[in-house]
Amino acid sequence: MINFEKFTLENGLKVIVHEDNTTPIVAFNILYDVGARDEDEDRTGFAHLFEHLMFGGSANIPNFDSPLQHAGGSSNAYTSNDVTNYYDTLPVQNLETAFWLESDRLNKLAFTDKSLEVQRSVVIEEFKQNYLNQPYGDVWLLLRPLAYQKHPYKWATIGKEIKHIEDATMEDVKSFFYKHYTPQNGILCVAGNVTVAEVKELSKKWFGPIEVRDQYVRNLPVEPEQNELRKLEVERDVPGDALYLAFHMSRRMDKRFYLADMLSDVLSRGKSSRFTKRLVLEKQLFTELDAFVMGSSDPGLFVVSGKTREGVSLDEAYAEVRLELETLQKELVVEYELQKIKNKIESTNIFEEMNALNKAMNLCSFELLGNAEMINHQMDNYINITPEELKEEAILLFKEENCSVLFYKAKK
């Protein structure tokens with residue numbers, strides 16, 4: 001059980017406090033409700049660009065990392081299609097340094113031509129290095145627009161194309177910042193050897209004076225139901241062939257999410273999982289084969305990805321994967337197998353709760369999804385799953401017409 005308290009400042013910033021006196025390190029996590037799905041289709045990559053720009057200096061702090069390092073801390077961030085998350089860890093006695101740093105860049109980011117050009121170059125280089133010049137790097141640039149026709153999940157967090165970042169103007173950047181980086185669009189969690197009273201005092205001191213900005217109202221197109229199998233075949237200069245399947249699934253807070261997540265574990269969690277045991281080790285069709293869920297705020301994807309062994313055709317590999325999925329549609333998962341997966345999920349959850357930063361991140365995420373209290377009840381959603389429910393979900397989820405398939409072939 002993770003105990004916490006929460007309050008909201010007058011400007012709308014939500015604050016969560018988790019008191020943990022077992023660690024001398026405090027985690028400071030601030031999540032903003034903005035991701036790649038909130039971008040204009042002709043100006044993508046902005047959410048990720050801002051992850052970089054937020055480290056480029058603010059009104060009173062020209063270098064974000066330097067004061068934090070002097071305080072014995074470190075920082076990082078990540079962007080997804082749904083959120084942008086910034087986090088700092090530092091000794092508890094220097095907690096106020098994090099409040100000072102994070103509030104200053106939310107209050108007034110330093111919009112300088114130098115910062116924009118530096119971070120633009122960094123993001124463009126990241127696009128080239130991780131997505132265009134790396135083996136299999138462009139998979140998500142291909143698979144997302146194959147699976148999504150309407151919803152903005154059809155482009156990756158990095159963006160649709162480099163040109164969108166190259167063409168970003170200072171006016172574009174400022175507009176995005178003031179639209180999405182508002183106190184009422186943020187959730188802050190402080191986890192560590194702190195008290196609610198001191199966090200409340202520091203929150204009011206540093207974040208309280210920040211003015212309320214216009215509230216962004218999200219209104220995204222709904223992805224229509226997919227009713228036919230989609231296939232794409234590409235050739236690339238890569239070591240070997242690869243296979244990718246994407247099935248439309250529920251949003252993160254739907255009960256069906258937990259069923260799909262459990263199915264992914266049945267298929268590929270551990271050496272005794274079905275994919276690993278049957279298709280990697282016994283039949284030796286793949287060198288690796290994985291299944292995972294996206295966990296998106298809006299309806300997401302259940303993904304199967306694998307690298308085939310030399311001499312195995314992608315048609316054969318696809319047919320064998322389909323057989324495994326159809327087995328789940330026809331037969332009940334035995335209780336022993338199901339209990340083994342539940343045990344693994346429970347142990348992972350326990351280990352996660354031992355880390356203050358993990359707790360801070362998860363509390364922010366659940367608060368955004370609906371209520372931070374859900375962090376204490378998510379295991380119930382897994383423990384109560386039955387074999388009959390898994391079979392029913394497999395029938396709905398693994399319909400072939402609900403699938404987008406990418407044959408990623410190595411050039412001969």
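Phe127 is buried, with a relative accessible area of 3%, where buried means under 20% relative accessible area, exposed over 50% and partly exposed in between, computed with a 1.4 Å probe on protein chains only. This is a predicted model, in which local features need pLDDT of at least 70 and side-chain atom pairs count only at pLDDT 80 or more, while totals for chains, interfaces and linings use all residues. Residues are numbered from 1 along each chain as its sequence is written, and side-chain values use heavy atoms, leaving out hydrogens and water.

The structure holds 25 aromatic pairs; rings of Phe, Tyr and Trp (its six-membered ring) pair if their centres lie within 6.5 Å, and planes under 30 degrees apart count as stacked, over 60 as edge-to-face and the rest as tilted. Phe28 and Phe99 form an edge-to-face pair, at 4.9 Å centre to centre and with 85° between the planes. This pair links distant parts of the chain, since Phe28 lies in strand E3 (residues 25–32) and Phe99 in helix H3 (residues 95–107), 71 residues apart; helices (H or I, at least four residues) and strands (E, at least two) are DSSP runs numbered from the N terminus. Phe28 is buried at a relative accessible area of 0%, and Phe99 is likewise buried at 0%.

Phe127 and Tyr131 form a tilted pair, 5.8 Å centre to centre with 55° between the planes, and both lie in helix H4 (residues 113–132), 4 residues apart, about one turn of the helix.
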